[in-house]
Amino acid sequence: MAYRNPAESGDRLFQSILGKWFLEQGHAHEALKWLMPLIGSGFNVEEATAEACELLARTDPQHKAEAERWLRYLKAHHPQTIVTWLINRGRTEELLEWLIPLAETGQNAALTADTLALLARTDSRYEAEAERWLRSLGSRGILRLAREMRSWPSGRETEAKELLVALARDGNGLAADELARWERSDPVAAITWHCRAIDLGCTQSWRDLEEALRELQPVTADDRALAERARAALDTAWAAEESNPFSVSESAAGRAVSAEAVTAAVATAAAIPFVQNIASQAASDIYAMAKQLFARALRRNAQELTERRPGPTLHVTGDSVANTWLEMRGRPSDDALRKLSEADLETLSAPDPRGRTVTVYWDDEDGEWRRRVE
């Protein structure tokens with residue numbers, strides 16, 4: 001077998017391939033020999049390992065106790081893997097029978113909330129439990145609840161907005177930032193909430209504030225005062241980004257153009273591109289920008305996403321519960337990042353109803369971001 005020699009020589013990629021091949025052939029014990037040592041190493045073997053454990057427990061009485069012990073280990077140390085594995089196989093009730101009692105004891109409450117929020121997106125039966133567990137997480141969970149409620153089948157957009165307004169008035173900058181995006185069709189409301197967000201230290205959406213400012217028609221004295229407030233907020237945001245090591249190049253390049261844009265905003269200036277001076281930025285900065293764009297499409301904060309590095313030139317980030325991922329091979333080009341900012345990422349990254357893995361990837365040949373489901 002072509003995979004065996006490099007696997008036996010220590011090549012972990014081939015070890016993962018070989019282990020999955022043995023699982024496909026129904027040889028669970030042999031599969032586990034190769035897969036178990038790779039758990040947590042970034043080679044995405046955890047679901048295959050759970051599958052192999054279950055198969056071994058079901059088909060080999062001699063190794064049943066050992067397989068069940070390994071499965072308990074996965075549940076304890078890699079619960080997200082078990083969640084994704086069971087969802088992918090349509091075993092939702094079994095999943096919740098395990099996960100909710102665990103959360104009742106104080107374990108994995110955030111994972112339980114995430115899982116129920118995902119289920120509630122397509123099935124209103126899970127909305128009440130999703131709301132319960134998201135609220136249990138405090139302001140972070142309530143912010144997520146508002147994002148989820150907005151698109152729930154039962155239709156609770158008004159209630160979602162009320163949650164955000166309460167959070168923003170209590171000093172939550174992320175809630176104010178979210179409200180600004182929801183109000184983007186109303187420049188006055190959008191600018192008001194953007195300024196509130198920046199006042200509260202949430203400065204990352206200053207480009208959106210620029211766009212709203214360009215759309216503002218400053219006819220009245222109140223409008224002109226709001227424009228002045230927005231300019232002051234932009235100054236605050238630029239100063240904050242200068243001190244952020246992930247955004248130095250972008251901030252320095254963006255500010256020169258942005259100063260002109262803000263001046264012209266009151267006089268209806270032309271739009272500024274999202275991507276500024278990409279060529280001067282380090283790969284880590286590019287990945288951070290792409291991750292932020294993808295997180296917004298998933299209605300998540302960037303820090304909530306899971307990172308994977310299956311290979312030295314492959315960077316993958318996404319939502320492990322929804323099983324939807326952004327794949328970047330090498331350093332994305334200027335064109336790829338620009339088109340990522342323009343793409344309909346909500347559609348491209350929408351979870352598959354059957355639980356299959358969704359990957360958003362760059363098609364070099366066509367020069368577009370594509371959706372792959374497998």
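**Figure 1. Buried residues of helix α13 in a predicted model.** Pro187, Ala189, Ala190, Ile191, Trp193, His194, Cys195, Ala197 and Ile198 are buried in α13 (buried: under 20% relative accessible area with a 1.4 Å probe, protein chains only; exposed: over 50%; partly exposed: in between). These buried residues pack against α11 (157–169), α12 (173–182), α14 and α15 (221–242). Helices (H or I, at least four residues) and strands (E, at least two) are DSSP runs, numbered from the N terminus. The model is predicted: local features need pLDDT of at least 70, side-chain atom pairs count only at pLDDT 80 or more, and totals for chains, interfaces and linings use all residues. Residues are numbered from 1 along each chain as its sequence is written, and side-chain values use heavy atoms, with hydrogens and water left out.

**Figure 2. Span and end of α13.** From first C-alpha to last, the 13 residues of α13 reach 18 Å, close to the 18 Å expected at 1.5 Å a residue (expected span: 1.5 Å times one less than the number of residues). Gly201, with a positive phi near 90°, follows α13.

**Figure 3. Thr203 in the loop between α13 and α14.** The loop that holds Thr203 lies between α13 (187–199) and α14 (206–215). Thr203 counts as buried because its relative accessibility is 13%. Leaving aside neighbours within four places in sequence, Thr203 is in contact with Ile198, Ala237, Ala240 and Glu241 (contact: heavy atoms within 4.5 Å). Of these, Ile198 is one of the buried residues of α13.

**Figure 4. The protein as a whole.** Its secondary structure comes to 19 helices and 5 strands. Buried residues make up 51% of the 374 residues.
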